[in-house]
Amino acid sequence: MSNKNETSSCVVCTSSEEEIPVISITYKYNRTWVCFSCLPQLLHGKKDINDYI
Ligand SMILES: [Zn+2]
């Protein structure tokens, strides 16, 4: 069922889904992943997603 060749990891801190929940997002027609600890920082403007993709 799961795709073992493609482990989702956070685009910001590179934590993998084995360590922390990651959320799939799409931006500028690209799909990427952001983890639970980085998402709030992006939401509050402390980090800019454009710096990481
Ligand atoms: Zn992260």
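Visitor: Where does Tyr-29 lie?

Guide: Tyr-29 lies in the loop between β1 and β2 (30–35). Keep in mind that this is a predicted model.

Visitor: Why is Tyr-29 called exposed?

Guide: Count the other C-beta atoms within 10 Å: Tyr-29 has 5. The label "exposed" applies at 12 or fewer, so Tyr-29 is exposed. Tyr-29 also has a positive phi of about 70 degrees, although it is not a glycine.

Visitor: What makes Thr-14 count as exposed?

Guide: Thr-14 has 12 C-beta neighbours inside 10 Å. The cut-off is 12 or fewer, so Thr-14 counts as exposed. You'll find Thr-14 in the segment before β1 (22–27), and its phi is near 65 degrees, a positive value in a residue other than glycine.

Visitor: And how do you know that Asn-50 is exposed?

Guide: Asn-50 has 8 other C-beta atoms within 10 Å, and 12 or fewer is what the label asks for, so Asn-50 is exposed. Asn-50 sits in the segment after α1 (39–43). Asn-50 and Tyr-27 are 23 residues apart in sequence and 9.5 Å apart in space, C-alpha to C-alpha.

Visitor: How do you know that the radius of gyration agrees with a compact globule?

Guide: With 53 residues, a compact globule would come to near 10 Å. The protein chain has 11 Å, so the value agrees.

Methods: Residues are numbered from 1 along each chain as its sequence is written. This is a predicted model: local features need pLDDT of at least 70, side-chain atom pairs count only at pLDDT 80 or more; totals for chains, interfaces and linings use all residues. Helices (H or I, at least four residues) and strands (E, at least two) are DSSP runs, numbered from the N terminus. A residue is buried if 20 or more other C-beta atoms lie within 10 Å of its own, exposed if 12 or fewer, and partly exposed in between; C-beta atoms are placed from the backbone. The radius of gyration is taken over C-alpha atoms; the globule rule is 2.2 Å times the number of residues to the power 0.38.
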